[in-house]
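Hi,

Here's the structure I promised to pass on. Have a look at it first, and then read my notes below.

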There are 2 protein chains.
Amino acid sequence: MTVEQRHHIVIIGAGFGGLEAAYRLRDMDADVTIIDQRNHHLFQPLLYQVATSSLATSEIAWPVRHFFRDNKNVTTLLATVTAVDRANNLVLLDDGSKVRFDRLIIATGASHAYFGHDEWEEFAPGLKTLEDATTIRRRMLTAFEDAERETDPAEQAALLTFVVIGGGPTGVELAGTIAELAHNTLKGEFRRYDPTRTRIVLIEAGQRVLSAFPEDLSEYSKKALENLGVEVHLGNAVSVCDADGVVYGGERLAARTILWAAGVKASNAARWLEAEADRAGRVVVDPQLRLPGRKDIYVIGDTASVMDTEGKPVPGIAPAAKQQGRYVAELLMAEHAGKSESVSPFRYKHGGSLATIGRRLAVIDFGWIKLRGAVAWWLWGIAHIYFLIGMRNRLAVAISWLWIHTKGQRSARLITQGKAGVDKVTSGVSGG
Amino acid sequence: MTVEQRHHIVIIGAGFGGLEAAYRLRDMDADVTIIDQRNHHLFQPLLYQVATSSLATSEIAWPVRHFFRDNKNVTTLLATVTAVDRANNLVLLDDGSKVRFDRLIIATGASHAYFGHDEWEEFAPGLKTLEDATTIRRRMLTAFEDAERETDPAEQAALLTFVVIGGGPTGVELAGTIAELAHNTLKGEFRRYDPTRTRIVLIEAGQRVLSAFPEDLSEYSKKALENLGVEVHLGNAVSVCDADGVVYGGERLAARTILWAAGVKASNAARWLEAEADRAGRVVVDPQLRLPGRKDIYVIGDTASVMDTEGKPVPGIAPAAKQQGRYVAELLMAEHAGKSESVSPFRYKHGGSLATIGRRLAVIDFGWIKLRGAVAWWLWGIAHIYFLIGMRNRLAVAISWLWIHTKGQRSARLITQGKAGVDKVTSGVSGG
């Protein structure tokens with residue numbers, strides 16, 4: 001006598017894509033298991049604000065299992081996936097246990113890429129997880145503290161030089177916020193140096209910042225950064241990154257704090273699946289976001305290489321991951337109801353591109369209209385508060401921002417976990 | 001030709017005592033240097049709420065230097081003190097530098113004491129620093145997560161057993177809040193066990209909890225804890241504490257999470273000063289809180305052994321430390337103005353003793369009146385919000401509490417810094 005097992009959908013990764021898929025599937029007549037190596041969903045678009053002391057960690061992260069409290073068919077597991085057994089439809093976990101699936105959705109995100117220089121990670125942490133953010137926060141705040149004790153002028157100057165590598169949205173947002181932290185928030189708080197002397201250097205190998213935006217918005221953003229006191233260097237890649245600083249364009253710049261915002265690579269999904277991957281390690285999927293040749297394995301979000309209707313790659317941003325999560329959930333529900341023929345290929349709808357420059361300005365490209373300046377900043381702020389999960393977090397973030405903008409004070413200027421041996425960047429894949 | 005140096009007061013430790021002293025001295029015609037090994041002042045009375053996911057770290061900690069932003073004679077240094085050179089009036093720092101002082105105030109607080117069983121610390125972390133709190137938070141939340149994956153019933157039961165050692169205010173507050181976390185907040189969020197089955201065991205070697213309170217309040221608190229589902233065991237000390245759990249009263253209790261709230265010892269000040277210390281390591285001071293035989297070295301707060309007017313030890317609580325910080329500041333200002341003869345010995349004024357039991361009940365002993373129940377809890381809440389520093393934190397904590405009490409949801413359920421090698425308790429002295 002065999003008991004028929006209920007249809008089981010397994011989702012690896014509780015980022016934007018995986019969480020959206022689980023949410024859409026929550027009332028389905030099937031078992032859903034969502035596996036993540038962290039207990040929290042992270043609102044990554046605001047992670048740079050944790051790194052720069054503007055927001056508390058808990059304001060942008062929520063326990064995954066709480067979302068599914070009332071959905072008894074959804075099980076949440078805190079676990080690290082070590083492999084996928086394609087032949088037997090099993091997900092292998094770090095404790096040796098195995099999870100059988102009928103359908104698998106892989107949404108394990110991306111981590112930093114150092115373009116063949118993994119040894120740079122030690123000196124130039126990237127920003128993907130809460131630990132990354134508190135590591136960067138600790139390093140930055142500690143540099144300002146150490147400068148107060150430093151008597152050697154050259155060493156003090158190196159402590160007060162912050163290098164951000166990469167001129168995409170994360171690099172621009174980090175550089176602008178560090179400039180405000182140093183030049184406004186910390187103003188007057190030190191006795192042996194003037195924090196307004198702090199140098200913030202943004203290095204971008206390409207010819208402009210925010211290269212995904214129209215050229216005039218890039219130019220506007222560069223000028224806005226320079227008005228904030230950021231030195232923007234274009235056209236030269238960093239060739240050395242070490243404990244003393246960086247070398248770019250053949251010149252050495254002494255800097256104790258270097259932040260990496262230059263590149264990402266996809267998670268291990270392609271290796272798990274022994275699948276074809278693009279240059280960034282993303283799994284090449286079919287128009288239904290499936291592993292080619294398999295009707296039961298889906299890959300979405302930053303882990304998947306997907307093209308839009310014009311043949312351009314779908315960007316690695318939260319709305320794209322959410323659209324894919326929703327698409328796959330609807331496809332699985334239709335299939336389960338015997339209506340899979342009716343599902344058309346995934347079509348990405350680009351809502352717009354946003355980036356902030358410091359606390360008063362932003363650029364937005366909706367395609368049909370471009371915005372910049374204070375109006376764009378207000379839209380950016382409202383949109384981000386809206387997309388935060390739960391009224392409590394919306395209120396908390398709104399208050400944190402109100403204080404920053406009226407008092408110039410940041411609520412989370414904490415140096416924590418600073419003991420020897422702890423100052424290793426805990427990178428790795430942020431999703432699954 | 002010699003330049004006369006300005007009068008220099010050095011304060012080690014930015015806890016309640018040191019911060020109060022620096023604050024009172026901030027407008028004095030002298031240089032003041034405040035040294036702490038952390039960049040933040042910590043509101044320790046609410047630390048158990050960070051450990052139990054109720055508050056964010058940044059809601060109870062503030063950068064020390066920000067308090068003195070407008071007081072140009074006050075210098076803040078993030079540094080660890082390694083020794084005090086009594087003969088030459090120098091404070092030695094970890095980077096080898098030396099700070100000369102005319103007057104020294106030592107306010108370096110206390111850390112956990114394991115009564116000769118330092119090896120227990122690994123298994124039973126105490127609660128003195130933000131890192132301690134996030135460590136405890138991580139261990140507790142991880143135990144609930146691991147229980148969801150555990151198939152062995154005995155191991156699952158051990159994961160769902162939380163032992164709190166010590167029935168003072170911290171132990172009572174921890175046990176009550178863990179009970180509410182397990183039985184209310186997490187209710188319904190797990191699929192493979194029922195978190196309301198969680199056992200919370202409070203072990204106190206003495207004959208009652210809250211032994212500093214009147215007996216009827218102790219009895220009331222014990223009943224209130226039991227109503228919350230806490231098992232209260234009195235009269236037996238723990239004799240073994242290891243990875244499998246604890247032994248008390250000759251019986252072994254399997255528990256994966258053990259918290260230490262049983263004892264504190266003073267910081268290293270007595271060793272620095274080669275001074276007489278009491279059993280808890282506190283420096284025995286004269287009636288003016290000075291190191292005996294020295295008119296220029298003061299020891300205050302949890303680091304000092306001070307008697308009240310009735311000859312009883314002054315308790316190691318925040319109001320006592322603040323009173324001492326204020327007293328020493330006034331004494332130093334009077335002395336600097338040539339009026340030191342007029343300063344009478346330190347007299348401790350006991351405002352009252354407070355402890356909460358879960359989220360609705362508290363006990364307060366004002367001496368002239370005793371309160372218990374919901375009224376005491378409201379008073380406790382209002383007092384703690386009032387004593388928080390800054391409107392922004394008062395607002396943030398008020399909102400966090402509002403959410404807990406209306407929605408039952410905790411805002412900071414985050415497992416962070418969970419990588420191998422990071423799960424070491426960073427204890428040590430919390431103050432200087």
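Let's start where the two chains meet. The contact takes 43 residues from chain B and 44 residues from chain A. Keep in mind that this is a predicted model.

Which parts of chain B do the touching? On the side that faces chain A, at least two residues each come from strand E4 (61–63), helix H3 (64–67), strand E5 (74–78), helix H4 (130–149) and helix H11 (391–407) of chain B. H4(B) gives the largest share of that side, with six residues. If you sort the residues on the side of chain B that touches chain A by type, you get 16 nonpolar, 13 polar and 14 charged.

Now for how the two copies sit relative to each other. Turn chain B by 180°, with a shift of 0.0 Å along the axis, and it can be laid on chain A with an RMSD of 0.0 Å. The two copies are therefore related as by a two-fold rotation axis. Both copies also use the same surface for the contact, since 100% of the contact residues of chain B recur in chain A.

Next, find the open sheet in chain A. It has five strands in the order E5-E2-E1-E9-E20, and their pairing is parallel. Why do E5 and E20 of chain A each have one side without a neighbour in the sheet? Strand E5 (74–78) and strand E20 (297–299) of chain A stand at the edges, so each has a single partner strand. From one strand to the next, the twist averages 15°. To see one of the pairings up close, go to strand E9 (residues 103–106) of chain A, which runs parallel to E20(A) and is joined to it by three bridges. There, A:Ile106 is opposite A:Val299 of E20(A).

Last stop: a pair of hairpins in chain B. Strand E6 (residues 81–85) and strand E7 (residues 90–93) of chain B are antiparallel and pair over four bridges, with B:Val81 partnered by B:Leu93 in E7(B). Four residues lie between these two strands, and in this hairpin B:Asn89 has a positive phi near 55°.

E7(B) also pairs with strand E8 (residues 98–100) of chain B, again in the antiparallel sense, over three bridges. Here B:Leu90 has B:Arg100 in E8(B) as its bridge partner. This hairpin of E7(B) and E8(B) has four residues between the strands too, and B:Gly96 takes a positive phi near 90°.

Key: Residues numbered from 1 in each chain as written. Chains lettered and ligands numbered in written order. Predicted model: local features only at pLDDT ≥ 70, side-chain atom pairs only at ≥ 80, totals over all residues. Pairing = 2+ DSSP bridges. Axes fitted to C-alpha atoms, helices over the stretch in contact; angles between N-to-C directions. Least-squares fit on C-alpha atoms with pLDDT ≥ 70 in both. Contact = placed C-beta atoms within 7 Å. Nonpolar A, V, L, I, M, F, W, Y, C, P; charged D, E, K, R; others polar.
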